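Good morning, and thank you for coming.

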Amino acid sequence: MKRSVFYSFHYKPDNWRVSQIRNIGSVEGNTIANDNDWEQIKRSGDKAIENWINSQLKGRSCTIVLIGEHTANRKWIDYEITKSWNDGKGILGIHIHNLKDRYGRTSFKGQNPFDYFQLNNGRKLSDIVKTYDPPYYYDSREVYNYIAANLAHWIEDAIRIRKSI
């Protein structure tokens, strides 16, 4: 069964890497706004961005944060994480720095964005939410294959974990 998921990521540097993951096919993901649409949404202000994110999250069972070099501590990614958690969605993170971008380059590993969230019971969200850092550091194709082979299982695990809390 395909799950309907929301992908959270830093658009400019990571959209090429994200498009690779969206093409895996084991899940249905949100439609990513193209450059022009996103610029229009941004120009409309914070409330328009919130509304767009909220509409994209509707009906999704899991949020996948695709962690690039500069993903942690970004305003809208933090909003997506908070909203997803508060809505009871499964959440997981995947480091994507070893996937190549459109120019054939990889990037540096980004910080875990869940380290910056503290729950009411004092635990960090990173103590609960799993993040995955695919092996095969030198081979982008193998990184992709590893994600493709495990993505559906990771999603089910994230949903199970969230339901148990």
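**A histidine and its surroundings**

Leaving aside neighbours within four places in sequence, H10 is in contact with N15, H70, T71, R74 and I77, where contact means heavy atoms within 4.5 Å. This is a predicted model, in which local features need pLDDT of at least 70 and side-chain atom pairs count only at pLDDT 80 or more, whereas totals for chains, interfaces and linings use all residues. Residues are numbered from 1 along each chain as its sequence is written, and side-chain values use heavy atoms, with hydrogens and water left out.

H10 lies in the loop between strand 1 (3-8) and helix 1 (11-22); helices (H or I, at least four residues) and strands (E, at least two) are DSSP runs, numbered from the N terminus. Is H10 buried or exposed? H10 is buried, because its relative accessible area is 15% and buried means under 20%, exposed over 50%, and partly exposed in between, with a 1.4 Å probe and protein chains only. The side chain of H10 also makes a polar contact with the side chain of R74, at 3.3 Å. A polar contact is a pair of N or O atoms within 3.5 Å; within protein, one must be able to donate a hydrogen and the other to accept it, and residues adjacent in sequence count only if both atoms are side-chain atoms.

Let me turn to helix 5. Helix 5 covers residues 140-163, and its 24 residues reach 33 Å from first C-alpha to last, close to the 34 Å expected at 1.5 Å a residue; that expected span is 1.5 Å times one less than the number of residues. At the start of helix 5, a side-chain oxygen of D139 reaches to within 3.1 Å of the backbone nitrogen of R141. The buried residues of helix 5 include V143, I147, L151, W154 and I155.

Y146 is found in helix 5 and is partly exposed, with a relative accessible area of 29%. Beyond four places in sequence, Y146 is in contact with P134, P135, Y136 and W154. Y146 and H97 are 49 residues apart in sequence and 14 Å apart in space, C-alpha to C-alpha.

Finally, the whole chain. The protein has 5 helices and 5 strands, which run β-α-β-α-α-β-α-β-β-α from the N terminus on. Of its 165 residues, 47% count as buried. Along its principal axes, the C-alpha trace spans about 40 × 40 × 30 Å. Among contacts between residues at least 6 apart in sequence, 72% join residues at least 24 apart.
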